Amino acid sequence: IAKIYTDKDASLDALKGKKIAVLGYGNQGRAWALNLRDSGLDVTVGLERQGKSWEKATKDGFTPVKTDEAVRNAEVIIFLVPDMIQRTIWLEKVKPNMKKGADLVFAHGFNIHFRMIEPPADSDVYMVAPKGPGDTVRDYYVAGGGVPVLVAAYQNVSGKAMEKALAVAKGIGATRSGALESSFKEETETDLVGEQTILVGGIMELMRASFETLVEMGYQPEVAYFETINEVKMIVDIIHSKGLSGMLRAVSDTAKYGGMTVGKKVINEDVRKRIREAAERVRDGQFASEWVEEYNRGMPTVVNGLKEVDNSLEQKVANELRDLIERGKPKK
Ligand code: NDP
Ligand code: MG
Ligand code: MG
């Protein structure tokens, strides 16, 4: 059974008074820097260049500095730049300038697990991986809550790596919900498998396959869109608060029967076999190598894939119905 830590198990003391460098001010970077600062910790934002992030950080009351300068005095260095540039920033800016023995902290295990960053032997290396987007990490914190995280220690030189991971988790609000103990390997592999088979890939392709089939059969695209794409949120919201049993109890008996019998025919043994194959490709490192290569070629697959979705019928319908969908939502 998983070990889950909450506020009473975590203390900010392990990080109080320490200089913390947050590298990057994007999705997670902004949320973490603001939450840690609001929790009373000493945060410096380190950035590579004067640009959008620099402006945003300044507007939020930080005085950003260049990465090399930020890490020079830091006792805790948090990597919140995109995974694919962490290795370069590590080799060129962090490693040559960091204090001996400073902590290296990650929000995702990719670079450590796939050995793209080889940490010095005298540093604690730990992870606090939010299970939600950066904006949510900030919004929940401001509202008195927190997004759950996975915590893990990869190197524990001081004997206090987990204590410090929990302090970071508390500082960003996560222990108000829960911090689940994991490992770099487990977090990295499950995160990649999850986004491929369900969160991004699976859900998108299942929506598109259902939508396109209904349209091919002559139903109106708008009607197909409501049913196969828009309504997913309402179902997922029920799953989110009450689990799958709660969802089944909220739909009609006809939907229960149809869902239970046909669902297993659509998502059959063959689909499960391919989910397994995808997971094996993540586990043996094939996916990571493929992705690094794609990234280094300028991400042609990602660029073309985005264009294809932007121009799809389902996106045209989404744009057409956006006002209607937005105005129906409850007012705050
Ligand atoms: P972002 O893509 O939002 O990071 C953007 C930041 O990195 C900006 O400050 C940007 O600066 C800087 N940056 C981008 N490209 C470069 C570059 N080539 N050189 C220098 N700086 C650059 O990252 P995320 O917040 O999405 O991810 C950060 C970490 O958090 C990753 O390890 C990720 O796996 C993890 N994570 C992310 C989640 C998410 O929801 N996004 C969820 C859980 C974990 P500028 O404005 O100047 O371009
Ligand atoms: Mg994820
Ligand atoms: Mg991910």
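**Conventions.** I worked with a predicted model, in which local features need pLDDT of at least 70, side-chain atom pairs count only at pLDDT 80 or more, and totals for chains, interfaces and linings use all residues. Residues are numbered from 1 along each chain as its sequence is written, chains are lettered from A and ligands numbered from 1 in the order in which they are written, and side-chain values use heavy atoms, with hydrogens and water left out.

**Ligand 1.** For polar contacts (pairs of N or O atoms within 3.5 Å), I found an oxygen atom of ligand 1 at 2.6 Å from a side-chain N or O atom of Asp 83. I also noted 2.8 Å between an oxygen atom of the ligand and a polar backbone atom of Asn 27, and 2.8 Å between a ligand oxygen atom and a backbone N or O atom of Gln 28. Of the 890 Å² of accessible area that ligand 1 has on its own, the protein covers 74% (Shrake-Rupley method, 1.4 Å probe).

**Helix α10 against α16.** I looked up α10 (residues 221-230) and α16 (residues 313-328), whose axes, lines fitted to C-alpha atoms over the stretch in contact, lie 10 Å apart at an angle of about 85 degrees. The two helices are therefore roughly perpendicular (65 to 115 degrees). The contact (heavy atoms within 4.5 Å) includes Tyr 225 and Phe 226 of α10 and Leu 321 and Leu 324 of α16.

**Helix α10 against α11.** Here I recorded an angle of about 20 degrees and axes 6 Å apart for α10 and α11 (residues 232-250), so I noted the pair as roughly parallel (under 35 degrees). Thr 228, Ile 229 and Asn 230 of α10 meet Val 232, Lys 233 and Met 234 of α11.

Terms used: A polar contact is a pair of N or O atoms within 3.5 Å; within protein, one must be able to donate a hydrogen and the other to accept it, and residues adjacent in sequence count only if both atoms are side-chain atoms. Axes are lines fitted to C-alpha atoms, for helices over the stretch in contact, and angles run from 0 to 180 degrees between N-to-C directions. Helices (H or I, at least four residues) and strands (E, at least two) are DSSP runs, numbered from the N terminus. Angles under 35 degrees count as roughly parallel, over 145 as roughly antiparallel, 65 to 115 as roughly perpendicular and the rest as oblique.
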